[in-house]
Amino acid sequence: MIELLSNCARGREIFTYHVKGREGEFLRKVSVTAPGSTLLEKEIAGWKWYESRLGTTGTGSSCHLKRHKECLTLDIGWIEGKKGEFYQGLAANREWVRQAVEHYCRVWPAEAGSGAPLHGDFSLDNLIRNSSGVHIIDWEHFSPDGGCVGFDAVYLLFETLWFGMGERINLEDNEKKIVIETLQTLDKNRRLAEPFRAAPLKNLRAFIRSHEIFWGEQLRVTPCKLPVLNFTETQTDDIDNAIQRMLRH
Amino acid sequence: MTTPSSFDFAEELTRRFGCEEGIYRAEPSPGYWSNLNTDENKELMEALENKPAREAIREKFPALEEVIYSLKRQAGLELLDLTGEETCIDYGCMWGALTIPLAQRTRFVLGVDQTMDSLRFLKARARESRCDNVALLNADLKSMPLLSRKADIAVVNGVLEWIPESGTVELKKFYGQRTVRTYQGNPRDHQKSFLQRVHENLTPGGKLYLAIENRYAYEMFLGVPDPHSNLRFTSIAPRKVADWISRIKLGRAYVNWLYSFGDLEQLLKDAGFSAIDSYLCFPDYRFPQKILSTANSLEDFQSALPDKPFLKWKVRRLLENILFRKLKLKGLAPSIIAIART
C-alpha cells in the first residue's frame, strides 16, 4: 500500500509517501528534478550522520536511496509516534522542547565556534516522540559542517515561540522562563555558540540570512516559511533584551 | 521519436497507421476535445514554430502553464509501483501532463488523444524534454484500436467521464453553455466498452491507473458546480433528474457520468479488471495533496486545502476535518484514484 502524504510541500520538489509492504514500512521521498534530488542527497547524508551519532549504524541503516531513470527514491524506516503541535506555541510545548534540547545535546558534538553539523529545519514538526525517545526526521537541509553549535536548538526554541505569539509583542512570563531554561541547558552542555548567548534571536536570524547555501530557494522565494524571520526587528530586539534582563537577574 | 527498446510497439504503429508530422493517425477520423478553441490552438501551433513549447504556452495562454507543467500532477504515479521497465499507454494524454512523467520513469509510453493539435504540442514537449521513448497516436478513444503489442500500464486520467461525449468539444464553448447535441446509447455502456478495450490492450497482470472526480464528493452537496457541465447538483441527483436538468439548461443530455467508489469498482469489474485498490484523493486528482487508501482509518487526517487566512478556506478546512477525521465519511472524498489489475 502506498499513500501520498504531501506533494511538493513548502515549494520543495519532493513527493512524500507512506509505504507498507512485504519489505516493511517506510516513509518514501521521491524526486524527479535536480533541486529535489539535491535535497534527498542531503537527507540521506543527514540520516547517516544521525545514525552514526546515535551509534545505530552497526545495526544497518534505515535509509536506502535508489535511482531509476530520472527518478530518485529515498526510503526511510517508518517511525511510529507523535509529533509536537508546534502551532500551539512554547508554553504548551514546554516538555517537548525540553526533551528535544536534551536529545540535541546528546547527538550534536560539543564543539565551539563554526563548523558544527546543521539540521536546518529543527522544528517540533520534525521530531517524533515514542516509547524509545525523541527522533529527528527530515534532514533535507543537512550540512555536515558550516553550522554553528546550538543553532538548531535555538531555532526550535524561537520557531515554537513565534507560533504561539500571534499578534502579541511581548513575551509572557512562562515563555521567558522556557527560553532561559533552554539557553542555560545548552550553555551548561557546551552546545551554545557565543553569538547565541548575547543576542540569540538577532544572531539566529542573521545566521539564516547570511547562509543562503543552506536554505537556497526557500530563503530567496519564501522567507516567510522560515518563521523566525517573521519577527519584526523591534520584536527581535525586545525579546533579546528581555532575555538579557532575565539572565542578569 | 521511438527507441529500439520500443521497437515492437513502433513496428505495429507504423504498419497499421498512417503517420503525419511524426504522429500516428488512426481511422475513423477522431473528434476534437480541448480546453482551447480551434482558433486558439491554431495560434499556439504558430507560436510553436519558433518557440519552445513551454515558452509558447506561457506567452499565449499563461493560465495553462501550471495545468500542463506542474510537478504536482504526477504524484499519483507512485501508486503504480513502477520498476522502470514498463510499456505504457496514456489514454487522452492531451498536452502530456502524465505522458512526460511516465516517460521519465518507464521504458516506453504511447500517448493517445483525439486532438491533433494537443499531440503536436506534446511532440514538441517530448523532444524538448529529451523523452525519446514516447510515440503518439491520434485516435478516438471510443474506437481505440486493439493492439497486438500489449502494455504493462494504462493511464486514464480525467478521461472516463468524457468518453460518452462525441464530436467537437471546445471546452470554453461547452462548459455551462447551451449547445444542442444528440447522443446515442447509455453513457455507462460507452465507458464500459472503452475500459474493456483498455483491458484488452494490457498484458496479463498489467495495471490501470484511473483518476476521476467522485460523484458524491462533499462539494457537490454544497452546490459546487459539476466540473464538466457547470450545473449544480447534477452529479449527485439521480441520472434521470440530472438528464432532465441538463436538457432544460444546456439543451443536451447529461452524459459526463461520475461514479461513487462502489459503482466505479463495479464498472471496472464489469470491464474485466480485478484486484482493485481505490484511494481517496484530496483536494482533487489533478493536483493531489493527499492520496489515502480506503483502508486508512483517517485518525490523523488533516485537510489538504491551503491554509489561507480567509473565512471561506477556514470553514472548508474545518468541514473536511469534521467529515473525514471525525465522521470518517470516506465516500465523500473529492476524487477517486483506482489502481486495477487485469
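Reader: How do helix α3 and helix α5 of chain A pack, and at what angle?

Author: In this predicted model, helix α3 (residues 94-107) and helix α5 (residues 173-188) of chain A pack at an angle of about 10°, and their axes are 10 Å apart. Axes here are lines fitted to C-alpha atoms, for helices over the stretch in contact, with angles running from 0 to 180 degrees between N-to-C directions. Helices (H or I, at least four residues) and strands (E, at least two) are DSSP runs numbered from the N terminus.

Reader: And what word describes how α3(A) and α5(A) lie to each other?

Author: The helices α3(A) and α5(A) are therefore roughly parallel to each other, in a scheme where angles under 35 degrees count as roughly parallel, over 145 as roughly antiparallel, 65 to 115 as roughly perpendicular and the rest as oblique.

Reader: Which residues of α3(A) and α5(A) meet?

Author: From α3(A) come A:Arg94, A:Val97 and A:Val101, and they meet A:Ile178, A:Thr182, A:Thr185 and A:Leu186 of α5(A). Two residues are in contact if their C-beta atoms, placed from the backbone, lie within 7 Å. By class, the residues of this contact are 4 nonpolar, 2 polar and 1 charged, where Ala, Val, Leu, Ile, Met, Phe, Trp, Tyr, Cys and Pro count as nonpolar, Asp, Glu, Lys and Arg as charged, and the others, Gly among them, as polar.

Reader: Before we go on, how are residues and chains labelled, and what pLDDT do local features need?

Author: Residues are numbered from 1 along each chain as its sequence is written, while chains are lettered from A and ligands numbered from 1 in the order in which they are written. Since you ask about the predicted model, local features need pLDDT of at least 70 and side-chain atom pairs count only at pLDDT 80 or more, whereas totals for chains, interfaces and linings use all residues.

Reader: Back to helices, then: how do the axes of α7 and α9 of chain A cross?

Author: Helix α7 (residues 200-209) and helix α9 (residues 233-248) of chain A have axes that come within 7 Å and cross at roughly 135°, and α7(A) and α9(A) are therefore oblique to each other. On the α7(A) side the contact is made by A:Pro200, A:Leu201, A:Lys202 and A:Arg205, and on the α9(A) side by A:Thr236, A:Ile239, A:Asp240 and A:Ile243. Those residues divide by class into 4 nonpolar, 1 polar and 3 charged.

Reader: Zooming out, how many helices and strands has chain A, and what does chain A span along its principal axes?

Author: Chain A has 9 helices and 10 strands, and along its principal axes its C-alpha trace spans about 60 × 35 × 30 Å. Of the contacts in chain A with a separation of 6 or more, 69% are between residues 24 or more positions apart.

Reader: Into which domains is chain A divided?

Author: Chain A is divided into domain 1 (2-77) and domain 2 (82-248), with bounds that come from an automatic or database domain assignment. The C-alpha centres of these two domains of chain A lie 25 Å apart, and the contact takes 14 residues from domain 1 and 14 residues from domain 2. On the domain 1 side there are 7 nonpolar, 2 polar and 5 charged residues.

Reader: How many residues of chain A are in contact with chain B?

Author: In that contact, 18 residues of chain A touch 18 residues of chain B. The elements giving two or more residues to the chain A side are β1 (2-7) and β2 (15-21), and β1(A) provides the largest share, 6 residues. By class, the chain A side has 10 nonpolar, 4 polar and 4 charged residues.

Reader: Switching to chain B, what joins B:Phe282 and B:Pro283?

Author: A cis peptide bond joins B:Phe282 and B:Pro283, with omega at about -15°, and B:Pro283 lies in the loop between β10 (274-282) and β11 (290-293) of chain B. Most residues other than glycine have a negative phi, and most peptide bonds are trans.

Reader: Phi is new to me, so what is phi of B:Asp81 near, and is B:Asp81 buried or exposed?

Author: B:Asp81 has a phi near 50°, a positive value in a residue other than glycine, and is found in the loop between α4 (63-69) and β4 (87-91) of chain B. With 11 other C-beta atoms within 10 Å, B:Asp81 is exposed; a residue is buried if 20 or more other C-beta atoms, placed from the backbone, lie within 10 Å of its own, exposed if 12 or fewer, and partly exposed in between.

Reader: Where is B:Asn230 found?

Author: B:Asn230 is in the loop between α9 (218-221) and α10 (239-250) of chain B, and its phi is near 70°, also a positive value in a residue other than glycine. B:Asn230 counts as partly exposed, with 14 C-beta neighbours inside 10 Å.
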